[in-house]
Amino acid sequence: MCGRFAVVKKLEEIAAYYKAQLVDGDEWRESYNIAPTQCVPVLVETDKGRELRLMKWGLLPHWCKDPKKAVFNARSETIAENRFFSDSFKKRRCIVPVTGFYEWKVIDKQRYPTYFTPKEGLFSFCGIWSDWTSPEGEKINTFSIITTTPNDVVGKIHDRMPAAITSNMIGAWLGANTSSDDLKSFLAPYPASQMMGIEVSQYVNKFANPGEKCIEPI
């Protein structure tokens with residue numbers, strides 16, 4: 001699964017990286033310790049082109065009535081058949097720009113974090129999103145990160161990792177006419193040679209802990 005990540009680029013930098021229009025998010029600030037239910041910038045394709053929007057981490061399909069049923073990760077192996085995800089997988093795919101993500105190894109009931117980051121640029125996590133309306137009538141965009149089997153770098157720590165794609169695949173992932181089989185082929189482990197893992201302190205274990213200290217090597 002993916003339960004924590006960092007985005008330490010300004011919104012304008014992310015929009016420029018993806019050649020996207022910045023739609024909203026003036027109040028958002030970069031973070032080293034993003035947890036589920038928080039809002040983050042997400043890339044989508046619209047009739048007007050690529051847009052960077054703020055969305056809440058935790059997918060809620062439009063028909064779901066209970067916000068407590070939000071799902072933060074979707075398994076690549078079952079996403080096309082699972083009713084909770086299938087409609088978004090067909091019609092509402094997105095990219096979650098990420099500077100790096102965390103996974104933990106458990107030893108004697110202690111959780112030891114590793115920070116995984118690309119050697120260049122940003123991770124482009126494959127995601128799905130949905131328009132959801134709360135019982136109070138508030139309209140919220142929500143999303144989930146797709147996970148897959150790990151590569152050799154992440155596999156030493158955890159048995160899952162976010163599905164991330166390279167820049168040349170983004171257009172097809174966001175495009176409306178890409179076949180389901182092609183989409184599934186994108187959900188493979190990210191090339192191990194293009195990323196690295198850094199052991200960091202347990203400071204990041206508490207999601208309220210902020211700042212660059214989260215990614216300082218031990």
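Buried means under 20% relative accessible area, exposed over 50%, and partly exposed in between, with a 1.4 Å probe and protein chains only. Helices (H or I, at least four residues) and strands (E, at least two) are DSSP runs, numbered from the N terminus.

The model is predicted: local features need pLDDT of at least 70, side-chain atom pairs count only at pLDDT 80 or more, and totals for chains, interfaces and linings use all residues. Residues are numbered from 1 along each chain as its sequence is written, and side-chain values use heavy atoms, with hydrogens and water left out.

**Exercise 1. Strand β10**

Task: State how many residues of β10 are buried, and find which strands pair with β10.

Solution. 
- Step 1. Count the covered residues. Nine of the eleven residues in β10 are buried.
- Step 2. Look for partners. Two strands pair if DSSP finds at least two bridges between them. Strand β7 (residues 93-98) pairs with β10 in the antiparallel sense, over six bridges. Strand β11 (residues 139-148) also pairs with β10 in the antiparallel sense, over seven bridges.
- Step 3. Pick out residue pairs. Gly127 in β10 stands opposite Cys94. Ile128 has Ser144 in β11 as its bridge partner.
- Step 4. Check the turn. The hairpin of β10 and β11 has five residues between the strands, and Gly137 there takes a positive phi near 95°.

**Exercise 2. Ser130**

Task: Is Ser130 buried or exposed, and which backbone oxygen does its side chain reach?

Solution. 
- Step 1. Ser130 lies in strand β10.
- Step 2. Read the accessibility. Ser130 counts as buried because its relative accessibility is 2%.
- Step 3. Find the polar contact (a pair of N or O atoms within 3.5 Å; within protein, one must be able to donate a hydrogen and the other to accept it, and residues adjacent in sequence count only if both atoms are side-chain atoms). The Ser130 side chain reaches the backbone oxygen of Leu60 at 3.2 Å.
- Step 4. List neighbours. Contact means heavy atoms within 4.5 Å.

Task: Where does Phe5 pair, and which core residues touch the most other members?

Solution. 
- Step 1. Five strands form an open sheet in the order β3-β1-β8-β9-β13, with antiparallel pairing. Its edge strands, β3 (31-34) and β13 (195-199), each pair on one side only.
- Step 2. Find the pair. Strand β1 (residues 5-7) meets β3 over two antiparallel bridges. Ile34 in β3 is the bridge partner of Phe5.
- Step 3. Turn to the core. A nonpolar core is a set of buried Ala, Val, Leu, Ile, Met, Phe, Trp, Tyr and Cys residues joined through side-chain atoms within 4.5 Å. The largest has 53 residues, and Phe5, Phe101, Phe125, Phe143 and Trp173 touch the most other members. Strand β10 (residues 123-133) gives the most to this core, with five residues.

**Exercise 3. Helices α1 and α2**

Task: Which residues of α1 are buried, and what do the buried residues of α2 pack against?

Solution. 
- Step 1. Take helix α1 (residues 11-18). Leu11, Ile14, Ala15 and Tyr18 are its buried residues. They lie on the same side of α1 because they cover an arc of only 100° around the axis, taken from the directions from the helix axis to the C-beta atoms.
- Step 2. Look at the opposite face. Turned away from the buried side of α1, it carries the exposed residues Glu12 and Ala16.
- Step 3. Take helix α2 (residues 83-91). Its buried residues are Phe84, Phe85, Ser86, Ser88 and Phe89. They pack against β6, β7, β10, β11, α3 (170-174) and α4 (180-186).
- Step 4. Check the start of α2. There, a side-chain oxygen of Asn82 comes within 2.9 Å of the backbone nitrogen of Phe84.
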